[in-house]
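Please keep the structure open while reading.

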Amino acid sequence: MTSLLSIVLIVLLAFVGSTIFKKIKIRSTFLESIAYTGMLYIILGYILSPEVFNVFDDTILKNLNILFALVLGWAGFLVGLQAKFSGMRRFPSMYFRYTVTNIILIFFLSVVGFWFLLKMVFHVQMETPNMLILALAGAITSPIMLAVVVRDNRVQARLAHLLQFQAAFDNLLGIVTIGFLEIGLGLYKQESFGMVLTDISMVIIVALLSGGIYTWLSKHKMSEEEETLYIIGLLMVVVGTALYLGVSLLFAGLIFGLVLANSTKRARSLYRNIQQLEKPMYILLLVLAGANMNIQPAYILIIVFFVGRFGAKILGEWVANLTIKKGERHHGWLGIANIGMGGLPLAIVLDFYVMNPGPGSGLLIFVVFITIVFQDGIALNYLKGRLIRK
Amino acid sequence: MKKVIITTSLLILYWIIKYLHPEANAAFAEPTLVTGIILISAYMVALLVKRIKLPKLTGYMVLGMAVGPIGLNFLTRDLLHQLHFLEDLALSFIALTAGGEFKYERFRKIFKSATLQLSGQILVVFIGLFLSLILFAPYFDFLANQESHMVIGFSILFAGTALSKSPATTIGIITELRAKGRISEMVLTITILKAIVVVMAFPLIIAWAKTYLIPDTTLNLVLLNDVARQIFGSVFLGVIIGFIIIAYLKFVKVEQSIFLLGIAVILTEFTNIFDMEILLTSIMAGIIVENFSEKGEALIMNIEKSSLPFYIIFFGFAGAGLHIEALSHTILLTAFLVVARLVFMFVGNYIGSFLAKETYLVKNISWMGYVGQAGIAVGLGTIIEKTFPGEIGSTFKLILIATVVINELLGPVFFKYVLIRAKESTVEG
């Protein structure tokens, strides 16, 4: 089977899967969490992978990298496109301090936790870049799941506001962090500092230039077809450059989206116009993640990530609560609500996988996948059971 | 000025990246980057050429030539090969749209005129070129030293390929100018019919030419069976896919753009796997959807809305793939083939239109809408090259491609002129 036909199969099966799933009434919170996070698509991808039915063989998977690249760039682009600085100023400064402190704390606590558990408790080796990427993925919260739960269950307004802000903003911070982590990882791979800096600067320049070109073109009347063409073309330039120079695709897409969000008045309408592509792109991302997943008996790593992330989230939220929201009444176990991971952690490990393909990075996909299933279930249960009642 | 700056900056950007890293970090990085640059730059060039009243398609091809192997060589032959699937995908999209433009009701109204014009074009172009090539053969290096049976064989092939007309160019110009009116409908209908007839008849033409070019070859049942399998297989697959699309429109409805992309991929891949004719299959699918579903028209409009990147890719890559160097080797025969085809096209169309008692515009101007050649002609050349391996096939293809280069550049310009002259363009320029 050719790569192209495989893509069609992915999309068609995904549609069939989602249509059937929508028709089934789900009563279990756990299954509901699976539905919210689109885990079925990952399972579908895995079933079609060389590990099970071999519908996508190794050659096809290699060829599908171009799609991976575009989908990841797209994911970063959409996050950037929604981050309008003038709009963000409306949020209280405490929200920003809280989220930044929170993500930094969780990231470092995760690194320390993983290191301690792996080296000291289980005596297992893990490469430092993999550990850092896993910690970064762990620091992210799922905005979609929170949004859906908040909408469905009418969570207290102020709390919902903070939770949603935190989930959205830590996505942006997560992508920025992976961009800068690249510098460190480049150095770790013994590339020269100058070269790493040149590459990342080049990608930023291309993203700025592409954003500038779009803004310049958008000053005149343009049809919807032209708008789509410019976005697809420029995103391919940005993603192609990042892929060419080995820089994070999420980061490159984010910068391009940020420039557009803050330089053109059309950003909002643009987002509306291209939104129809979001769902299929997300489905592709999940199915491709499943297809590339490297399932190994890595129980220890899963336990470490699960426990380490859980602990870091609870502790991080608790410390951030104490230090930032002094005197305010807060939920001591708020961290559980933010345990939900969603799609971005997967995108982060996939981004890393595209740049550093191999069993080690493929394993990260599996670890994150398993953790998402369980931690999203916990988060959903907690939100429904405790926060909503309050 | 803005367009020049944007195009130049993107091209310079590519140079800088290549200068910093001669080798890409990941597979498919270069195709992604180059395709992105072509999408934007080709459109910028298209907007520029539009100012001098040339069609946008010409702009896409000009940019393709500029960045292709004969120009800056950003789009190398290797990259073109890697990205060939995009070209096929674009072709299936374009052919699906072309089929969707074929409305039986409309065809019924112009049945007599269209049939007469089509017959006039096919008979006069084929017979005229065939005879004139035999007559003037001693004046062309390629044919002068051949034995008479070889000259007959080549004349059959040249005359046969001259019948082809690019539906992509026709539909591209109509979409670009949002043309509406009798001439555009007539040219499109005849072009689609001609594509179907040529694609169906070509295997027979090859089989006939073989009897002159390859010693001890005769028309036999095995050969005819192969031809029939390819033709009817393509039509059958097209009909099946057409009804699948209709069923989707009726029962599923959602996410039509993704579904269409999937269908285009299925068309591309299935025709490759089963050795079918992609153009015939896609056109048939489009015809079925348009004529057997109430929602067909909306679907075709939907395809047209998202077709811009596909046109740029198809014509940009076509421009990059042009072997301009072929022109210099075969200039005399090429010029003869181009001019003779134009003359016979005019005569054939005039006779058909005259018999159909058509208007002045149809009789005297509309022939210019049938000049453009692209994918089908090159495809036919490839079939000939494969059928006659060695010097015969490759020289033939070289000459054929040289004529296609000229016709491909003239076609959009001529057709745009026709539509503007007929006042059927609804956009400026």
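Helices α11(A) and α13(A) cross in a right-handed sense. Their axes come within 8 Å and the crossing angle is roughly 35°. The model is predicted. Chain A, where this pair sits, has 19 helices and zero strands.

**The α11(A)–α13(A) contact**
- Two packed helices are described by the angle between their axes and the distance between the axes.
- Helix α11 of chain A covers residues 193-217, and α13 of chain A covers residues 249-263.
- From α11(A), the contact draws on A:I200, A:V203, A:I204, A:A207, A:L208, A:S210, A:G211, A:G212, A:Y214 and A:T215.
- From α13(A), the partners are A:F251, A:A252, A:I255, A:F256, A:V259, A:L260 and A:S263.
- By class, the residues of this contact are twelve nonpolar, five polar and no charged.
- An α-helix has 3.6 residues a turn, so residues three or four places apart point the same way.

**Buried positions in chain A**
- A:A252 belongs to α13(A). Its relative accessible area is 0%, so A:A252 is buried.
- Beyond four places in sequence, A:A252 is in contact with A:V203, A:A207, A:V238 and A:A242. A:V203 and A:A207 are also among the α11(A) residues in the helix contact.
- A:A252 also lies 6.7 Å from A:G73, C-alpha to C-alpha, across 179 residues of sequence.
- A:V287 sits in helix α15 of chain A, residues 278-292. A:V287 counts as buried because its relative accessibility is 0%, under the 20% cut-off.

**Chain A as a whole**
- Chain A has 390 residues, and 59% of them count as buried.
- Take the contacts in chain A with a separation of 6 or more: 83% of them join residues 24 or more positions apart.

**Cavities**
- Rolling a probe the size of a water molecule over the atoms shows where empty space is left.
- How many cavities of 30 Å³ or more does the whole structure hold? The search finds three.
- The largest cavity holds about 70 Å³.
- Its lining consists of B:F158, B:T161, B:A162, B:L337, B:R341, B:Q373, B:L400, B:T403 and B:N407.
- Helices α9 (148-162), α18 (331-355) and α21 (391-421) of chain B each give two or more residues to that lining.
- The lining divides into four nonpolar residues, four polar and one charged.

**Helix α10(B) and the residue after it**
- Helix α10 of chain B runs over residues 167-177, and eleven of its eleven residues are buried.
- The buried set includes B:P167, B:G172, B:E176 and B:L177.
- B:R178 follows α10(B) and lies in the loop between α10 and α11 (182-213) of chain B.
- B:R178 is partly exposed because its relative accessibility is 44%, between the 20% and 50% cut-offs.

**Positive phi values in chain B**
- Most residues other than glycine have a negative phi, and most peptide bonds are trans.
- B:R178 is not a glycine, yet its phi is positive at about 45°.
- B:K423 has a positive phi near 55° and is likewise a residue other than glycine.
- B:K423 is located in the segment after α21 of chain B.
- With a relative accessible area of 73%, B:K423 is exposed.

Key. Residues are numbered from 1 along each chain as its sequence is written. Chains are lettered from A and ligands numbered from 1 in the order in which they are written. This is a predicted model: local features need pLDDT of at least 70, side-chain atom pairs count only at pLDDT 80 or more; totals for chains, interfaces and linings use all residues. Side-chain values use heavy atoms; hydrogens and water are left out. Helices (H or I, at least four residues) and strands (E, at least two) are DSSP runs, numbered from the N terminus. Buried means under 20% relative accessible area, exposed over 50%, partly exposed in between (1.4 Å probe, protein chains only). Contact means heavy atoms within 4.5 Å. On a 1 Å grid over the protein atoms alone, a cavity is a set of points where a 1.4 Å probe fits but cannot get out, and a pocket is an open set with protein on both sides within 12 Å along at least five of seven lines; lining residues have an atom within 4 Å of a point. Grid points are joined across faces, edges and corners, and a volume is the space filled by probe spheres set on the points. Ala, Val, Leu, Ile, Met, Phe, Trp, Tyr, Cys and Pro count as nonpolar, Asp, Glu, Lys and Arg as charged, and the others, Gly among them, as polar. Axes are lines fitted to C-alpha atoms, for helices over the stretch in contact, and angles run from 0 to 180 degrees between N-to-C directions. A crossing is left-handed if the near helix is turned anticlockwise from the far one by less than a right angle, and right-handed if clockwise.
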